[in-house]
Amino acid sequence: MTAPEPLKGIRVVEFTHMVMGPVVGHILAGLGAEVIRIEPIGGDNTRRLKGSGAGYFPMYNRGKQSICLDLKSPEGIAVAQDLIARADVLVENFRPGALDRLGLDYDTCAAANPRLIYCSEKGFLPGPYEQRTALDEVAQMMGGLAYMTGPPGRPLRAGASVIDVTGGMFGVIGVLAALEERHRTGRGQKVVASLFETTTYLVGQHMAQFAVTGSPAAPMPARVSAWAIYDVFETRDEPVFIGVVTDALWEKFCRLFALDALWADETLRENNARVAARDRIIPEIRTLIATMTRAEVIAKLDGSGLPFAPIGKPEDLFDDPHLQHGGLEDVTLDNGTQVRLPTIPLEMAGTRIGAPQELPTPGRDAREVLERLGYDEERIAALIADGAVGESA
């Protein structure tokens, strides 16, 4: 079946780098929008990151077109202005004021294109911090997520760019809401999402816990769990997470693992009583699970309704049998290598979003993009010859 394209016909112009901004464009492209990525001459430096950044570009820039512009030249700016004048959405995530200095601020762009939805992905929403430079890790540290992730006194960033990605998702939500409002008003608007406020939203449950109980939330490794059994357990080979989160599941858990004595103790039939008796229950459960292999534990739990999980690694997911059913899509990297990467985790009308994608080489689509703007061959050749537009080798 053909992948859904609910945003087909929507044109997006993207001035982004790193993760947060590209996430917005990637999701919109995955939903069928035409996304034209503006890169500097030679291509976005994100393409060349090593180490933990090596996956940023291929993960979040699939399905887009690429044109390289010299935005320091009047000719390059003119091309950008023409693209924006014909766009439905602009996405940018550069430092505050960067596009303003180029004359590509919201007010100027909206004057030329009143229907434009201008999505800025920033470190902070308006306030005392708004001119600061922020990164995912900065937001995690400031916003309490690192504190909640690591052991007490040892703040630890989450193991993925969760704030960049979630901040990008909030940007998409804002864009979709603005498109809906444009249906009624005929006018676009500026949408701003941010790293710091996104982090605050994610730790809001812990803020609410303090408001309700009067006690600060402990970091997750030291938390008092809402359930007695909600832990990683060591088996004879690989660990497994098990959660027993209702009284009915407690009965089922005891039956599956022949914990007759624990089930016979009627003082443990209610969740809060089990939490109070956790120091007595957990050692017995750990001892039992340690006698089994992970496969044996999973065989008992699978299909039972009890929450459980093997402790997976990212590289394990390429071969995950569940993800083979639409969770991964074929991607051709710009060097021709074929890989499979996670698709947008949505199903619409019974069909998954994923479809084969290509990662564009820098400037690959320059001529096609300029032709759609109505530029003739002579003008295109002059722009390329002058260096205002870069063409893929």
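Predicted model: local features only at pLDDT ≥ 70, side-chain atom pairs only at ≥ 80, totals over all residues.

Residues are numbered from 1 along each chain as its sequence is written, and side-chain values use heavy atoms, with hydrogens and water left out.

Cores first. A nonpolar core here is a set of buried Ala, Val, Leu, Ile, Met, Phe, Trp, Tyr and Cys residues joined through side-chain atoms within 4.5 Å. Buried means under 20% relative accessible area, exposed over 50%, partly exposed in between, with a 1.4 Å probe and protein chains only. The largest nonpolar core has 30 residues. F15, I67, V79, L83 and L370 have the most contacts inside it. Which elements give it two or more residues? They are β1 (11-15), β2, β3 (65-69), α3 (74-85), α4 (106-112), α15 (366-372) and α16 (377-386). Those labels are DSSP runs, numbered from the N terminus: helices are H or I with at least four residues, strands are E with at least two. α3 gives the most to this core, 5 residues. Apart from it lies another core, of 26 residues, including V24 and V191. As background, nonpolar side chains tend to be buried together in soluble globular proteins.

Now look at I67. Leaving out residues up to four places away in sequence, I67 touches I36, R37, I38, E39, V79, L83, G363, A366, V369, L370 and V389. Touching, or contact, means heavy atoms within 4.5 Å.

E39 is on that list. Its place is in strand β2, residues 34-39. Buried or exposed? E39 counts as buried, because its relative accessibility is 1%. What does its side chain reach? The backbone nitrogen of D44, at 2.7 Å. A polar contact of 2.7 Å also joins the side chains of E39 and S66. By polar contact I mean a pair of N or O atoms within 3.5 Å; within protein, one must be able to donate a hydrogen and the other to accept it, and residues adjacent in sequence count only if both atoms are side-chain atoms.

Next, A193, in strand β6, residues 190-194. A193 is buried, because its relative accessibility is 7%. Beyond four places in sequence, its contacts include M20, S120, F170 and G171. M20 belongs to helix α1, residues 20-30, where 11 of 11 residues are buried. After α1 comes G32, with a positive phi near 105°.

Last, helix packing. Axes are lines fitted to C-alpha atoms, for helices over the stretch in contact, and angles run from 0 to 180 degrees between N-to-C directions. Under 35 degrees is roughly parallel, over 145 roughly antiparallel, 65 to 115 roughly perpendicular, the rest oblique.

Take α7 (residues 162-185) and α8: their axes come within 9 Å and cross at roughly 100°. That makes α7 roughly perpendicular to α8. I163, D164, T166, G167 and F170 of α7 meet L195, T198, T199, Y201 and L202 of α8.

Now α8 (residues 195-202) and α9 (residues 204-213): their axes come within 4 Å and cross at roughly 50°. The two are therefore oblique. T200, Y201 and L202 in α8 meet G204, Q205 and M207 in α9.

That is my tour. Over to you.
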